[in-house]
Amino acid sequence: MFLGIEFVKIEEYSLIIRGFGEVFMKHLSFEGGIHPGDFKDIAKNHEIKEVLPGDIVLIPLSQHIGAPAIPLVEKGDEVLVGQLIAEAGGFVSANVHSSVSGKVKGIKSSFSTTGFQVQCIEIENNHLYEHVSFDSRLLENVEKEEILERIKNAGVVGMGGAGFPSHVKLAPKNPEAIDCLIVNAAECEPYITADYRCMLEASDEFLLGIEVVLKLFDKAVAYIGIEDNKMDCIALLQDKCKDKDNIKVIPLVTKYPQGGERQLIHAITGRKLNSSMLPNDVGCIVNNVESFIAIKKAVIDGIPAYQRILTLSGDCLQSPGNYLISVGMTHQELIDQTGGFVLTPSKIISGGPMMGFSIFHLDTPFTKTSSSIVCLHEDVVSMCESSVCINCGRCVSVCPSKLVPSRLAKAAENGDQQGFMDYHGLECIECGSCSYVCPAKKHLKQSISNAKKQIIAKNRGKK
């Protein structure tokens, strides 16, 4: 008790502050991080609208971490919406399904959002959208093994960007040790509002997806972590979960990178991870909003992952908003069908501006992991000239991994891999907070990221 205020610990994840006749819940967070402008007002109030693909779709065989899928169709084959057209090419891989009905034109190479060439199945869309028969289930009638099988068959992957196959993630070696299902509903990147709209418009589907996953882990409680710039989502889900003992809604401080896997786990549970660990090593499984909706559709409705919701935002667009798109349609098609540009963009980003990729080719097809497109009239970053480090320490103060980014970048630029390792460079999560605050405008994150890739590739070659 202090000045009439009492602090009371609630389980492992929060505090209630009682005082002066009112009750407050402490919003959780992590050390470090930054507060960029969120620019979410551009798209957040636009309800989800469906946009259908054009005459041709290019469905990539690599939409996930791991081995590309192996084609099951040939030129001239007729396909239906939801039909399996490529099967997982290994243990860490995922099935791929058609998003349209029509005729296969062949296998074609296309650019991915990261600039690499990927193989795609090219399908001529007949615009009839005839689909395969979807086999629905009731939650109470599906057992653990069938849940995992239906997720695998549907080709569900982590739809927050990484694309790890969900049937692999949800089958850890120690399922009895999993006691926390962490739901990443932070959506901490600027501009992106797709998860926000999903929580408002498809909250029942979202919660049912969480219940599906909870059925896999007998001891688990789900913690939905939502930043406090989405108080309407917090209120809605708290009301819907008030009678659910195994689902808790946890308000989080609005701060980037609150949605980082390690930061989210630490904020909610106090448990710590490093680069050599997975969340299940500390009893956690982490998935994002869209992934849970895809899991619900796969297990309960029998619908494969061939569509997703993404945000189209920025200051260049006629109709920014949140759109349900089909895998295989291109960035150009979505922009054209929503009114095009009102200003010429200098930069187009796939994903958020902090961790996304600048793209140079709008004919790039969407995948299961496409979360947003941000179109900006001015490329502010390219207009900044970098200068020498002034040793101000700002990069250190914001680093969520408690590293010294300036030293890491210097080691990276000098090719000093041992020095990079001595400063624990592999622990960097590449969030870009250091680059954001650097008064010298040094490209710290890019230098560190390049060094990490080189070291990881070198170590992989030794195995």
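**Helix packing and sheet order**

Helices α1 and α7 cross in a right-handed manner in this predicted model. The contact involves Ile147, Arg150 and Ile151 on the α1 side, and Ile295, Ala298, Val299, Ile300 and Asp301 on the α7 side. Sorted by class, the residues in the contact of α1 with α7 comprise 6 nonpolar and 2 charged residues, with no polar ones. Helix α1 spans residues 144-153 and helix α7 spans residues 289-301; their axes lie 9 Å apart and the packing angle is about 115 degrees. Because angles of 65 to 115 degrees count as roughly perpendicular, α1 is described as roughly perpendicular to α7.

Strands of a sheet pair through backbone hydrogen bonds, in either a parallel or an antiparallel sense. The antiparallel pairing of β5 with β11 (residues 117-125) extends over 5 bridges. Within this pairing, Ile56 has Glu124 of β11 as its bridge partner.

Another open sheet consists of 3 strands in the order β6-β8-β9, and its pairing is antiparallel. Strands β6 (70-71) and β9 (96-97) are at the edges of this sheet, each pairing on one side only. Strand β6 runs antiparallel to β8 (residues 84-87), and 2 bridges join the two strands. Pro71 has Ala86 of β8 as its bridge partner.

Note on methods
Residues numbered from 1 in each chain as written. Predicted model: local features only at pLDDT ≥ 70, side-chain atom pairs only at ≥ 80, totals over all residues. Heavy atoms only, no water. Axes fitted to C-alpha atoms, helices over the stretch in contact; angles between N-to-C directions. Helix = DSSP H or I, 4+ residues; strand = E, 2+ residues; numbered from the N terminus. Parallel < 35°, antiparallel > 145°, perpendicular 65-115°, else oblique. Left-handed = near helix turned anticlockwise from the far one by under 90°. Contact = heavy atoms within 4.5 Å. Nonpolar A, V, L, I, M, F, W, Y, C, P; charged D, E, K, R; others polar. Pairing = 2+ DSSP bridges.
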